[in-house]
Amino acid sequence: MSEPTPTPITGTCLCRSLKLIIPSGITPIKTLLCHCVDCQKNSGAPFQSNAMFNTSDLIIEDPQGLLKTYKIEEGTASGKPKEKGWCGKCGCPLYTKPGHYEGRMMVVKTGFLDGGADHFPPQIEIFTADRAKFLAPAEGVKQFERMPH
Ligand SMILES: [Zn+2]
Ligand SMILES: [Zn+2]
C-alpha cells in the first residue's frame with residue numbers, strides 16, 4: 001500500500017541543476033517496476049523504478065531552463081505516445097507522461113530521489129517478459145508479463 005508522503009520528498013538530477021519536489025500529503029497513484037524495452041533504453045539500466053502522480057501535485061524547479069522533453073510517437077510498449085523529460089545538461093531522466101492521460105499524470109523515476117527508490121516500494125512489476133534473465137521477481141510484488149489492463 002502507498003501512504004501519503006509524511007514530509008516533502010525531493011530529488012535532483014545528476015548535475016543537481018533540476019529539482020523535483022513531491023510535497024507532503026501526496027499519495028502516488030501507483031508504484032511499479034517496469035522492465036519494458038523503452039524503460040531499459042531510457043535509463044540505461046535493466047529496468048526502471050517508477051511512481052505515478054498527478055502532474056499538478058508535483059513541482060519542478062528549473063532555474064536555468066534546462067528541462068528538455070522528447071515525445072515518443074510510435075512503437076511504445078503501450079501503443080500510446082508518451083513524453084519524457086530529462087536534464088539537458090547531464091542527461092538524467094526525470095519523468096515520462098503517458099499519452100493515455102494527456103499530460104495529467106507524471107511517472108517519476110524514483111532512483112533520482114534523495115534517499116532513493118525506497119520511498120516508493122513497487123506494488124507491481126510489469127513487462128516481466130522483457131526482464132533481464134539474471135533478475136528475480138521482487139518478493140511479494142504482483143507480476144505482469146505485459147501492461148496490466
Ligand atoms: Zn542535470
Ligand atoms: Zn516501461
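Strand β1 has a covered face, made by I9 and G11, and an uncovered face, made by T10 and T12. Strands here are DSSP runs of E with at least two residues, and helices are runs of H or I with at least four; both are numbered from the N terminus. The model is predicted: local features need pLDDT of at least 70, side-chain atom pairs count only at pLDDT 80 or more, and totals for chains, interfaces and linings use all residues. Residues are numbered from 1 along each chain as its sequence is written.

Four bridges join β1 to β2 (residues 19-22), and the two strands run antiparallel. Two strands count as paired if DSSP finds at least two bridges between them. I9 has I22 in β2 as its bridge partner. T10 stands opposite I21 of β2. The two strands form a hairpin with six residues between them. In the turn, R16 has a positive phi of about 70°.

D38 lies in helix α1 (residues 37-43). D38 is partly exposed because 19 other C-beta atoms lie within 10 Å. The cut-offs are 20 or more for buried and 12 or fewer for exposed, with partly exposed in between; C-beta atoms are placed from the backbone. D38 and P28 are ten residues apart along the chain, and their C-alpha atoms are separated by 22 Å.

Note on methods: Chains are lettered from A and ligands numbered from 1 in the order in which they are written.
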